[in-house]
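Try each one yourself before reading its solution.

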Amino acid sequence: LKSILKSTLLHLSLSFRPFVKMVSRIGNGSEGRNGQNGEPRNGRNGSTSNGRVSDLERLQDFPAQKLDLDDRKRRIERIVACTVTVVILVVIGLIAGALFVIDDGRNDGVPSAPPTGSPTMIPFVPSETELKWVLLVLSKSPNTSFDGDGTSPQRRALKWIANDPVAVELSTENWSEADKARILQRFALATIWYATTAGGRDTTIPKVWLGPTNECTWNEPNDRVTANDISCTDEEQPNVVTKLALAFDNLQGTIPAELGLLTSLTYLFLGSNRLQGSIPSEIGRLVKLKKIFLGSNDLQGTLPTELFQCTDLLVLDISSNRQLQGPIPHEIRQLTQLQELYLYDSPFLTAGSSLPSSLCNTLSRADTNCDLKECDCCTSPWPDLRPC
């Protein structure tokens, strides 16, 4: 609005210049015609020396008078045009000024938000073929977002699942709940893959993951871990993922909320990577979890209270995450079966926090750097160097 107002004032000043010049020319032209002192010139409008104007002189003056009238007409037209232009510009200036005053009054005393530098989020409009997949995902994971420019892990996983032969085969007209669960399982694994593709392994072109095969067979080679990336049950419900072991894979990126779709997980091993971001609250949906290993990453934020809805936990390792913030939620007392707790080398998490004494009834090991208050059973991971 400020720039509009300045531009309007500039146009006003420029528009008035020809108006002033034309008025000045008209005045100068009148003086030229009427003489220096406003007296009529002899031989034109004045009388002859004998007081009478001859017919010959009138005929001689007729062309000059006609030209003079045409010149006046043209000047009047120019003046009218300039006047209309000036009036329009004045109206625009008044409107712009009024808007500026109103806007300034609304923001009076309220500092403007600094630009974030982040691109505007592009809303996602699914195609006809994508719609059924989107509705299926949102029915079980309402916090999933497909917005953006198409490069988010969720959008990439959606594009993959829409062309996945296994998912297409399962999505018949009479697909069962087991079929839907299987499709959601494959979508969740695809999202995890795309969310952690900044790591050292060649995740841009999967060798096994995301292939047109059973997801229980997806296993990328890893020299440091002999366990399969994915393990499934062989019991009453085959093809259901129960273990996810991606430790020492040099993964970077974030843990996506879609992890919560793997509701049959009992073992989650994502330790010793370079994962960032927060622990998603959707982890609380994995109520069958027995062991969680998230240590030695760069996780941030606070521990979600939903984590402690996994009341069957036996082992919880969130050590060596120096960006995690405390305090430890009081809901940790819900882990009544917890046997091993690893919190060491997470100083911002443990400083000033405390553990309920009831946990000591089941804990066989609690490595916490000994900086927790009121923890009688806490021990040091390095008892010879820093005993409690």
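In this predicted model, the buried residues of helix α3 pack against α4, α5 (165–170) and α6.

**Exercise 1.** Find which residues of α3 are buried, and work out how they are placed around the helix axis.

*Solution.* Start with the helix itself, residues 128–140: its buried residues are W133, V134, L136 and V137. Next, look along the axis: these residues cover an arc of only 160 degrees, so they lie on the same side of α3. Finally, turn to the face pointing away from that buried side, where you will find the exposed residues E128 and L135.

**Exercise 2.** Describe how α4 and α6 cross, and list which residues meet.

*Solution.* First, take the axes of α4 (residues 153–162) and α6 (residues 177–195): they come within 8 Å and cross at roughly 135 degrees. The two helices are therefore oblique to each other. The crossing is right-handed. Now for the side of α4: P153, Q154, R156, A157, L158, W160 and I161 meet I183, R186, F187, A190, T191, Y194 and A195 of α6. Sorted by class, this contact has 10 nonpolar, 2 polar and 2 charged residues.

**Exercise 3.** Decide whether R155 counts as buried or exposed, then find its contacts beyond four places in sequence.

*Solution.* R155 sits in helix α4. Its relative accessibility is 19%, and the cut-off for buried is under 20%, so R155 counts as buried. Setting aside neighbours within four places in sequence, R155 is in contact with F124, F146, D147, G148 and G150.

Terms used. Residues are numbered from 1 along each chain as its sequence is written. This is a predicted model: local features need pLDDT of at least 70, side-chain atom pairs count only at pLDDT 80 or more; totals for chains, interfaces and linings use all residues. Side-chain values use heavy atoms; hydrogens and water are left out. Axes are lines fitted to C-alpha atoms, for helices over the stretch in contact, and angles run from 0 to 180 degrees between N-to-C directions. Helices (H or I, at least four residues) and strands (E, at least two) are DSSP runs, numbered from the N terminus. Angles under 35 degrees count as roughly parallel, over 145 as roughly antiparallel, 65 to 115 as roughly perpendicular and the rest as oblique. A crossing is left-handed if the near helix is turned anticlockwise from the far one by less than a right angle, and right-handed if clockwise. Contact means heavy atoms within 4.5 Å. Ala, Val, Leu, Ile, Met, Phe, Trp, Tyr, Cys and Pro count as nonpolar, Asp, Glu, Lys and Arg as charged, and the others, Gly among them, as polar. Buried means under 20% relative accessible area, exposed over 50%, partly exposed in between (1.4 Å probe, protein chains only). The arc is that of the directions from the helix axis to the C-beta atoms.
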